[in-house]
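Hi,

Here's the structure I said I'd pass along.

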Amino acid sequence: MQEPPKIQVGSFTIAFLTDGLWRNDGGCMFGVVPRELWKREHPPDDLNRIRLNLTCPLILNGRDAILVDTGIGNRLSAVERKIFDHGEGWLPDHLRALGMEPGDVTHVILSHLHFDHCGGLVRRRESGTFEPAFPRARLFIQRGELETARDTRNERLRAAYRHMQEILATVEGSFEAVEGDLEVVAGVTAVVTGGHTYDHQVAIVRDGRHCFVHLADIVPTRSHMRGPWNQAYDLDALRTMEQKAAYLQRAAQKGWWVSFAHDDQVFTAKVANDRGRLVLGESVAVGPMRSQDAPRQR
Ligand SMILES: [Zn+2]
């Protein structure tokens, strides 16, 4: 297991953990963008699935360990694991490669509660029952997101949160429902964006002029830096566009690091302005994570 790459943001160290590679339908990931355009950067397999990452930045300040999102985890059934081509055990292994244990994580900021961001909150034991994956962590989520996930009569939303029952049954007591932006620890803030879900939030780390923002599903891959390239899942794509334009422009002007939830090539990058187009500048590439990238069974 390779040690996760790190960047320094002022006095904070940020390690780029991932819950591994997986695949999802390319059409769902790019919404109104024709396949002919996205397939060059994201070659689809014969099931039209593209390769994606599950990036979970871990923010370290010498005392706290703040994880942003948790990936898919090991809760999927064998059939679902095949559909999404996802193996298990990645995130715990990456923590171990840093010399840390799940019990060392003190806070988790959840961008939203779709299964590929919060599934890793729980761990399926061999017996089939669930336990909290990060037993000491406080879990920060927007109250609106939690309420929608817990109880919605809308058919589409209900489907998007159908995994929540077993997650709530296991960790509900650890959730801290937040209304609006919250400084989780000094210098680390969860900021509401909306867009992808109505209460989607991003994580911002700031120390003086140094800044990092994990944009989660506002910019899920490097290709989504383009204004109109948005996911079919977005509940309010126009809001996603506004938010990403604002963050990426600020990042380009001020030399911020940004990271994305699902890019399979780049963990984090600075943003450059190339004659009016926002493109990747200095970046930290996703290297080989495990030999042959194969999911490991445990
Ligand atoms: Zn996602």
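The lining of the largest pocket splits into 13 nonpolar, seven polar and six charged residues (Ala, Val, Leu, Ile, Met, Phe, Trp, Tyr, Cys and Pro count as nonpolar, Asp, Glu, Lys and Arg as charged, and the others, Gly among them, as polar). Before you go further: this is a predicted model, where local features need pLDDT of at least 70 and side-chain atom pairs count only at pLDDT 80 or more, while totals for chains, interfaces and linings use all residues. Residues are numbered from 1 along each chain as its sequence is written, and side-chain values use heavy atoms, with hydrogens and water left out.

A pocket here is an open set of points on a 1 Å grid over the protein atoms alone, where a 1.4 Å probe fits, with protein on both sides within 12 Å along at least five of seven lines; lining residues have an atom within 4 Å of a point. The largest pocket holds about 530 Å³ of space (the volume filled by probe spheres set on the points, which are joined across faces, edges and corners). It has 26 lining residues, and nearest its centre are Phe115, Ala159, Ala160, Arg162 and Tyr233. Helix 7 gives the largest share of that lining, four residues (helices are DSSP runs of H or I, at least four residues, and strands are runs of E, at least two, numbered from the N terminus).

The second largest pocket has about 250 Å³ of space. Of its 15 lining residues, Met225, Arg226, Gly227, Leu278 and Val279 are the closest to its centre. Helix 9 and strand 18 (277–285) each supply at least two residues of this lining.

**Now the rings**

Arg226 turns up again here: its charged end sits over the ring of Trp229, 4.2 Å from the centre (for Arg, that takes CZ within 6 Å of the ring centre and within 35 degrees of the ring normal; for Lys, NZ is used).

The whole structure has seven aromatic pairs (rings of Phe, Tyr and Trp, the last by its six-membered ring, with centres within 6.5 Å; planes under 30 degrees apart are stacked, over 60 edge-to-face, the rest tilted).

Cheers
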